[in-house]
Amino acid sequence: MEMQERVVIVANRTPAAKSAGGLASGLLDALKRQPSLWFGWSGELREEDSNTVQLFSRNRLTVAAIPLTPDAHNRYYNGFANGVLWPAFHHRLDLMCFSEDDYLGYLEVNQHMAAQLRPLLRERDLIWVHDYHLLPFAGMCRQLGITQRMGFFLHIPFPVPCVAQAIPRIDELLDAMCDYDLLGFQTEDDRSAFVALCRERRPEIRLPTTGVYPIGVDPHELQREAEAAPLVELWPEDDHHIQGILSVDRLDYTKGLPERFKAYALLLEEHPELHGHVQLVQIAPPSRTDVPAYAELRRELTALAGQILGRHGDLEWQPLRYVERQHDRAMLMPLYRQARVGLVTPLKDGMNLVAKEYVAAQDPDDPGVLVLSRFAGAASQLDGALLVNPHDPGEVAEAMRQALSMSREERRARYRRMWEVLCASDINGWRTRYLKDLRAVQGSSEPLATPLSA
Ligand code: GDG
C-alpha cells in the first residue's frame with residue numbers, strides 16, 4: 001500500500017512555543033486537516049545534548065522539536081536572522097548589524113536542522129519551509145541527499161534591489177534560495193523584487209518557480225470567536241460612551257508604533273472636541289528582547305505614552321491605555337469587535353494578520369473602520385480600509401478622525417468589500433494553493449500564481 005502524503009513544515013519555532021506571532025497562528029489554523037509533521041526549534045537553550053529530538057502529537061500533527069545551544073541560537077537568531085535579515089528586508093539598513101561570526105552561526109544552525117530532520121523524513125513527504133531564518137535550508141538538505149520536493153514561503157517583505165544589494169552575502173543567499181523548488185511571496189511586489197535582484201546579480205542562475213500567496217485567516221471562525229461575550233468591556237455604552245481605537249502589534253520597530261503615537265497626539269491636539277470621547281488601546285507584547293534595537297524602541301514608546309497621558313489626560317479620562325501583556329486570540333477577537341477603529345500602521349509588513357482579524361471580528365450590521373498602512377501587504381487586498389502613509393502624522397490623524405465620524409452606511413459598504421476578500425483568500429485556500437503548486441512544480445521559472453486581488 002502506498003503511504004499517504006505528509007506535509008512537513010519546517011520553521012524556526014515549533015508551535016508549542018507560546019509567543020505572539022503571525023507564523024504560528026497562521027499555520028496552525030491551516031494544519032488542522034492534514035497529516036503533518038512540524039519540525040523546528042523547541043524554544044529550549046541547552047549547552048549539551050543538542051542532538052535530542054523531542055516528538056509529540058497534537059491531533060493529526062506531529063511536532064518534532066530540537067533544542068539549540070545558547071551560542072548557536074544567539075548567532076543564528078539574534079545575530080544574523082534578526083540583526084541583519086529582519087531589518088534589511090524591512091528596509092531598515094540603519095539597524096542592520098552584520099558579523100561574519102553570526103553569518104557562520106546562521107549557516108551552521110541551518111545545517112544542523114537539516115541533519116536532524118533527515119532521519120524523520122518519509123519518501124512521499126512534501127517539505128514546506130517557512131521564513132527568513134531558513135533561507136539556505138534547502139541547499140543543506142540537498143547536500144545531505146534529501147531529494148523530496150521543497151518549497152519555501154517568505155512571510156516578510158522582500159526588499160527592493162537597491163536595498164537588498166547592501167546586505168552582506170546577498171549573492172550567496174540568493175543562490176541558496178534558488179535551491180528550493182518553489183518560492184512563495186506575500187505580494188507581487190515582493191516576488192518581482194526577488195526576481196529583479198536575481199536577474200541583476202545572478203543572471204546565469206536558474207530561477208525556481210515563484211508565486212504569490214497572500215496569507216489569510218479563517219474569517220468564519222474568527223467571527224464566531226468575536227461574537228463570544230467579552231471578558232473585558234473596554235468601552236461600556238454608558239453616558240460617557242467612548243469610541244475606541246485599537247492597535248495590536250508585537251513590539252517591533254517595523255510596526256510604526258512611535259509614529260502612530262505621534263499621529264494620535266496630533267489628533268488630540270487638533271481636535272479638542274474629541275477629548276473625553278476617544279481612547280486608543282495599544283496592546284504591544286515585547287519580542288526579541290535580546291536585540292538592542294527592541295529595548296530602545298520600548299523606552300521611546302513608554303516615554304511617548306507618558307507624554308500623551310500627561311499632556312491630554314485628566315482625572316476622569318485617559319486618552320491612552322498601553323498594555324504589554326500578551327493576549328491569546330480568543331481573548332483578542334471580542335476586543336477587536338468593540339473598537340470603532342482598527343489602527344494598523346506598520347512602516348513595512350509582509351502581510352499583517354491583525355488587519356484581517358480586525359475586519360473578520362466586526363459586527364456586519366455596525367462594523368468598525370480599518371485604518372491601514374499602504375506598506376502592509378494586506379493593503380494590496382483590503383481596499384475597503386482607509387489607506388494611509390504611516391510616516392505622515394497628519395494623514396494618519398485625519399484618517400482616524402474620518403473613521404470616528406464615518407456613517408454607518410459607508411462603514412457597512414467598506415466592511416462588505418473586505419469581508420468578501422477575506423473569504424475569497426482564506427487560510428485554507430492559502431495552504432491548498434501553495435501545496436498544489438508545490439506538487440505540480442516541474443522546474444519551470446515562470447511565475448505560477450497571480451495575486452488574489454481584492
Ligand atoms: C509575520 C509577518 C505576516 C495573539 N496574541 C497577540 C498577538 N497575537 C497574534 C495576532 C496575529 C499574530 O499574533 C501577529 O501577526 P502579524 O501578521 O500581525 O505580525 P508578525 O508577528 O510580524 O508576523 C507578517 C505574518 O508573519 C504571517 O505571514 O502577516 O507580515 O511580519 O495573528 O492575533 N499579537 C500581538 N499581541 C498579542 O497579545 N501583537
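Predicted model: local features only at pLDDT ≥ 70, side-chain atom pairs only at ≥ 80, totals over all residues.

Analyst: Residues are numbered from 1 along each chain as its sequence is written, and side-chain values use heavy atoms, with hydrogens and water left out.

User: Which residues make up domain 2?

Analyst: The bounds come from an automatic or database domain assignment. Domain 1 is given as 6-216 + 427-440, and domain 2 as 219-424.

User: How much area do domain 1 and domain 2 bury between them?

Analyst: The size of an interface is often given as the accessible area lost when the parts come together. Buried area here is the accessible area (1.4 Å probe) that two parts lose on being put together, summed over both. Of the area between domain 1 and domain 2, 60% lies on carbon and sulfur atoms, and the value is about 1900 Å².

User: Which helix supplies the largest share of the side of domain 1 that touches domain 2?

Analyst: Helices are DSSP runs (H or I, at least four residues), numbered from the N terminus. Helix H1 (22-30) and helix H2 (70-89) each supply at least two residues of that side of domain 1. The largest share, five residues, comes from H2.

User: How far is a polar side-chain atom of Glu357 from an oxygen atom of the ligand?

Analyst: The ligand is surrounded by 23 residues (a heavy atom within 4 Å), and Glu357 is among the closest. A polar side-chain atom of Arg250 is 2.8 Å from a ligand oxygen atom; for Glu357 the distance is 2.5 Å.

User: Which residue forms a salt bridge with Glu100?

Analyst: Side chains of opposite charge can pair when their charged atoms come close. A salt bridge is a side-chain nitrogen of Lys or Arg within 4 Å of a carboxyl oxygen of Asp or Glu, and the whole structure holds 29 of them. Glu100 lies in helix H3 (residues 100-117), and its partner, 69 residues apart, lies in the loop between helix H5 (161-164) and helix H6 (170-177). With the closest N and O atoms 2.4 Å apart, the partner is Arg169.

Terms used: Polar contact = N/O pair within 3.5 Å; in protein donor to acceptor, adjacent residues only side chain to side chain.
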